[in-house]
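Thank you all for coming. Please have the sequence and the coordinates open while I talk.

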Amino acid sequence: MDSLALGTDLGPEPVADQRSTVTLRVNGAETRLTVDHRSTVLDTVRERLGLTGAKKGCDHGQCGACTVLLNGRRVTSCLLLTVAQDGAAITTVEGLAEDGTPHPLQAAFADRDALQCGFCTPGQICSAVGMLGEAADGFPSHATEPGAPFGGTADLGPEEIRERMSGNLCRCGAYPRIVEAIEDVIP
């Protein structure tokens with residue numbers, strides 16, 4: 001029997017206005033927005049701010065096409081509610097260039113032809129920027145040698161890069177070029 005037919009109390013009716021105002025620092029510019037509590041960071045940057053680099057791929061955090069940097073760390077923006085990010089700094093692929101000069105990873109992806117259809121490329125680039133930061137901070141990965149000391153810059157060979165980038169899928173299979181592009185910018 002239906003629980004409603006039994007008179008079960010399902011709680012209060014939802015409030016009509018489920019919005020909050022948040023302040024975000026997106027690509028270096030502070031912006032104040034009133035957002036629906038259900039809006040994701042991906043939907044906010046694409047639909048409200050017009051930054052369409054991050055893509056809606058799977059909408060389940062499994063493909064990495066929506067990857068952006070949140071306070072310097074890579075995240076799948078389709079899984080994060082905007083209302084929970086009040087005060088956060090968000091960097092999209094559009095915010096990586098400085099004074100019209102492409103970020104070194106953007107240039108390396110172009111130089112190495114590390115893309116085919118280009119759909120995943122913004123997420124790949126943002127993920128690579130975050131991954132390089134994680135490696136520089138000494139964070140290990142599954143491919144890191146057991147017993148390797150924690151801290152200091154992680155050694156980034158091709159296996160390590162592939163493991164660290166494994167959350168970003170490329171439907172076209174440009175993985176070898178993506179790894180080469182990342183190797184080109186390792187300090």
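Predicted model: local features only at pLDDT ≥ 70, side-chain atom pairs only at ≥ 80, totals over all residues.

Let me begin with K55, which sits in the loop that runs between α1 (41-48) and β3 (67-70). What is the nearest side chain of opposite charge to K55, and how far away is it? It is E94, at 6.6 Å, and K55 is therefore left without a salt bridge although it is buried, since a salt bridge would need the side-chain nitrogen within 4 Å of a carboxyl oxygen. A polar atom of the K55 side chain does, however, lie 3.0 Å from the backbone oxygen of G53. Setting aside residues up to four places away in sequence, K55 touches L42, R46, A65, C66, F119 and P122.

T82 counts as buried because its relative accessibility is 1%, and its side chain makes a polar contact of 2.6 Å with the side chain of T44. Beyond its neighbours within four places in sequence, T82 is in contact with V22, L24, V35, S39, T40, V41 and T44. T21 is 61 residues from T82 in sequence, and the two C-alpha atoms are 9.8 Å apart in space.

Finally, we come to helix α5, residues 175-185, where I178, V179, A181 and I182 are buried. Why do these residues lie on the same side of α5? They do so because they cover an arc of only 160 degrees around the axis. As for what covers the buried residues of α5, this includes α2 (104-111), α3 (121-136) and α4 (158-164).

Terms used. Residues numbered from 1 in each chain as written. Heavy atoms only, no water. Helix = DSSP H or I, 4+ residues; strand = E, 2+ residues; numbered from the N terminus. Buried < 20%, exposed > 50% of the residue type's maximum accessible area, 1.4 Å probe, protein only. Lys, Arg positive; Asp, Glu negative; His and termini not counted. Polar contact = N/O pair within 3.5 Å; in protein donor to acceptor, adjacent residues only side chain to side chain. Contact = heavy atoms within 4.5 Å. Arc of directions from axis to C-beta.
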